Amino acid sequence: MVQIIRFSVILLIYSLYNCNLTAQSIFKPEVICRGLCIADSILFFREVKPGDCFAKNNRDDLDMQQIVFENSQSISSELLTALCFYPEMSHLRIRITCKAIKQTMNSRPSPLNIFRTKPNRVYKLIVNNNKGKCIALKFNELSFNIKVGWLGHELAHICEYEKMTTLQTIGFALKYVISKKYVRMVERNTDLITVRHGLAFPLYEGTGFLLRNTEISAKYREFAIANGLSLSEIKCFWCSMQNGY
Ligand SMILES: [Zn+2]
């Protein structure tokens, strides 16, 4: 018994340390955009429409066999459109389901991934059905553009999970639970990845909608304000990207 506890403690310390060494290079301590931005251009405010993709991507590359919709078929068009902006994820196995959670949406690796090789990993993307205690945005009532932005943010999380080893994933999960600073770092970086994948305006519109919404719980709004990129930061990073940074 003592040996099991000792082994668990060593694994815990090692995974946290290992996460620091490697995942920190992925999740920058803080992402800051201080550049000037004139983003009131028609290019920024372009809504994503069903079937839109980056020109260089091909919707046909998506392997539909890998996407499983569990009681969530109604968002298939939005998800496939969001996936078009993440060509590197076209081979990943993702299960989408609706159930009660604390946010509008979240994504996570399947716990069984510990026993799977990297090509066989499965990721879960969960949409809040608002049947639990926490009231988030009513996903079905959002515009297509906002839904794609929201899904784009979750796909950005999955993109990062895919880069991690199993041990790093464990370290990441532990740090995410115990450190508010780390949560902020991860969420802001995830927003940045979403912008870099061409979904700045969907993210911007979704963030603005959430901040104006009066139906969601105060705790959830506070979380969004404290941890996500602000509207002006989203524009600023989009500008930087246009300028090649
Ligand atoms: Zn997130």
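Let me start with helix α6, residues 200-212: at 1.5 Å a residue, its 13 residues should span 18 Å, and its end C-alpha atoms are 18 Å apart, which agrees. The expected span here is 1.5 Å times one less than the number of residues. Helices are DSSP runs of H or I with at least four residues, strands are runs of E with at least two, and both are numbered from the N terminus.

Two notes on the source. This is a predicted model, where local features need pLDDT of at least 70, side-chain atom pairs count only at pLDDT 80 or more, and totals for chains, interfaces and linings use all residues. Residues are numbered from 1 along each chain as its sequence is written.

Back to α6. Its buried residues include Phe201, Leu203, Tyr204 and Leu210; buried means 20 or more other C-beta atoms within 10 Å of the residue's own, with C-beta atoms placed from the backbone. Among the elements covering them are α3, α5, α7 and α8.

Next, α3 (144-163) and α5 (180-196). Their axes come within 8 Å and cross at roughly 110 degrees, so the two helices are roughly perpendicular, a term for angles of 65 to 115 degrees. Gly152 and His153 in α3 are among the residues that meet α5, where the partners include Thr190 and Asp191; contact means C-beta atoms, placed from the backbone, within 7 Å.

Last, the sheet. It is open, with four strands in the order β1-β2-β4-β3 and mixed pairing; strands pair if DSSP finds at least two bridges between them. β1 (67-70) and β3 (105-109) stand at the edges with a single partner strand each, so one side of each has no neighbour in the sheet. β1 pairs with β2 (93-99) in the parallel sense over four bridges, and Phe69 has Ile96 in β2 as its bridge partner.

Methods. Axes are lines fitted to C-alpha atoms, for helices over the stretch in contact, and angles run from 0 to 180 degrees between N-to-C directions. Angles under 35 degrees count as roughly parallel, over 145 as roughly antiparallel, 65 to 115 as roughly perpendicular and the rest as oblique. Two residues are in contact if their C-beta atoms, placed from the backbone, lie within 7 Å. A residue is buried if 20 or more other C-beta atoms lie within 10 Å of its own, exposed if 12 or fewer, and partly exposed in between; C-beta atoms are placed from the backbone.
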